[in-house]
Amino acid sequence: MTPENASQNKGAAQLTAAMVLSGTLGVFVVESGAAAFGVAFFRVLFGALALGAYAFACGYFHDHGLTPKKLGLAALGGVFTVFNWVFLFKAYEATSISLATVVYHTQPFFLVLLSALILRERLSRAQLGWLAAAFAGLVLVSGVRPGDAGSLAGIGLALLAAVLYALSTLVTKQVTGVRPHLIALVQVLVGIPLLLPFADFGAVRGPGTGWVWLVGLGVIHTGLMYVLMYAAYAKLPTPKIAVLAFTYPAVAMVADWAVYGHHIGLVQALGVPLIVLASLKVTLGRAPRSAPARAARPAPRTAAHAAEAASPTATRAASTA
């Protein structure tokens with residue numbers, strides 16, 4: 001086995017592990033027993049501690065490459081990111097984890113549309129065709145029973161979360177030469193004062209298992225998961241990233257069924273492959289098929305770690321929560 005193949009195999013294992021963790025996110029959110037704003041607040045709080053400890057241990061604060069402009073862009077991306085989490089968690093409350101996750105995975109389409117509107121990127125006929133296919137899939141997936149206001153609200157919240165994620169991606173793509181761990185750290189730090197006024201501490205007052213789930217969201221689903229993703233992105237070509245990223249919704253649907261007995265209906269299931277295929281085609285259409293995940297320019301004196309310096313959203317071929 002060549003060193004390149006060994007590196008790609010390691011990256012595939014790391015990304016698969018990260019996507020499996022991401023797929024269990026909804027269970028942690030529901031089991032915490034806290035409202036969406038509270039869950040998001042504790043995720044950014046414990047996530048900041050985990051990412052900060054990792055960055056400090058790795059010496060990433062030296063020659064970090066952050067400038068006032070880059071810091072501002074990272075912070076703006078953080079605003080979109082944390083409220084994307086809030087609306088996704090609200091979607092879990094309003095409908096099932098499975099349905100919310102599938103709808104949330106329409107992020108690549110919003111990224112394409114926003115890029116066309118804001119950055120004036122031209123949409124190809126193929127992209128328009130796959131966007132239409134994704135919309136058809138979304139109509140099938142959202143085929144809830146008449147009067148099922150909860151599911152309709154959940155779908156709307158998941159779509160709003162997807163739009164906010166796409167906005168975060170567009171903003172954070174402009175931040176280069178900074179390690180992704182530091183960008184993510186800035187984003188969760190921004191979330192602490194943003195979400196603090198809305199957090200209901202009474203819902204998680206006193207000792208209990210709820211705190212275990214909340215700490216897990218920060219340490220596992222923000223700290224560990226992001227470290228695994230960023231390490232994998234630097235080792236894998238875009239097509240492999242895009243394919244492996246679909247482990248996330250698959251695991252989420254299995255977890256929702258195994259823990260809560262929720263599953264989507266037959267008609268809704270027909271829309272899932274349409275969304276998955278369209279998302280894959282749109283994602284791969286935005287980067288050369290053989291191109292590896294694009295790495296940002298390393299900050300001064302970080303060349304030894306350049307392989308890990310990929311931008312957290314610029315290289316994200318498909319989305320995670």
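## Before you start

This is a predicted model, in which local features need pLDDT of at least 70 and side-chain atom pairs count only at pLDDT 80 or more, while totals for chains, interfaces and linings use all residues. Residues are numbered from 1 along each chain as its sequence is written, and side-chain values use heavy atoms, with hydrogens and water left out.

## The chain as a whole

Welcome to a chain of helices: there are 13 of them and 0 strands. Helices (H or I, at least four residues) and strands (E, at least two) are DSSP runs, numbered from the N terminus. Read from that end, the elements run α-α-α-α-α-α-α-α-α-α-α-α-α.

The chain has 321 residues, and 52% of them count as buried. Buried means under 20% relative accessible area, exposed means over 50%, and partly exposed is in between (1.4 Å probe, protein chains only). Among contacts (heavy atoms within 4.5 Å) with a separation of 6 or more, 89% join residues 24 or more positions apart.

## The nonpolar cores

A nonpolar core is a set of buried Ala, Val, Leu, Ile, Met, Phe, Trp, Tyr and Cys residues joined through side-chain atoms within 4.5 Å. The largest has 80 residues, of which Leu15, Leu88, Phe89, Tyr92 and Met229 touch the most other members. Helix 8 (residues 149-172) gives the most to this core, with 11 residues. Apart from it lies another core of 9 residues, including Tyr60, Leu182, Ile183 and Val186.

Two residues show contacts across the sequence. Beyond its neighbours within four places in sequence, Leu88 is in contact with Leu25, Ala100, Tyr104, Ala161, Tyr248 and Ala321. Val39 sits in helix 3 and counts as buried because its relative accessibility is 1%. Setting aside residues up to four places away, Val39 touches Val29, Ser32, Ala34, Phe89, Leu214 and Leu217. Val39 and Val215 are 176 residues apart in sequence, yet their C-alpha atoms are 9.9 Å apart in space.

Helix 1 (residues 3-23) has 21 residues and reaches 30 Å between its first and last C-alpha, close to the 30 Å expected. Its buried residues include Gln8, Gly11, Gln14 and Leu15. The cover over the buried residues of helix 1 includes helix 2 (25-32), helix 10 (209-233), helix 11 (238-244) and helix 12 (247-260).

Helix 12, in turn, has buried residues that pack against helix 1, helix 2, helix 4, helix 5 (97-104) and helix 11. Among those buried residues are Tyr248, Pro249 and Val251. Gly261 follows helix 12 and has a positive phi, near 75°. Helix 9 (residues 180-195) reaches 22 Å from its first C-alpha to its last, close to the expected 22 Å. Because 12 of its 16 residues are buried, helix 9 is largely enclosed by the rest of the structure.

## A loop, an end and a patch

The loop between helix 3 (36-57) and helix 4 (68-94) holds Asp63, which has a positive phi of about 50° although it is not a glycine. Asp63 counts as partly exposed, at 32% relative accessibility. Thr67 lies in the loop between helix 3 and helix 4 and counts as partly exposed at 34%. Thr67 and Val175 are 108 residues apart in sequence and 9.8 Å apart in space, C-alpha to C-alpha.

Leaving aside neighbours within four places in sequence, Met1 is in contact with Ala6 and Asn9.

Finally, Leu117, Ile118 and Leu119 make a nonpolar surface patch of about 300 Å². Ile118 is found in helix 6 (residues 107-118).

Note on methods
Patch = residues over 30% accessible without salt bridge, like charges linked within 9 Å, V, L, I, M, F, W, Y side chains within 5 Å. Areas by Shrake-Rupley, 256 points an atom, 1.4 Å probe, with all protein chains shown as cover. Salt bridge = Lys/Arg side-chain N within 4 Å of Asp/Glu carboxyl O. Expected span 1.5 Å × (residues − 1).
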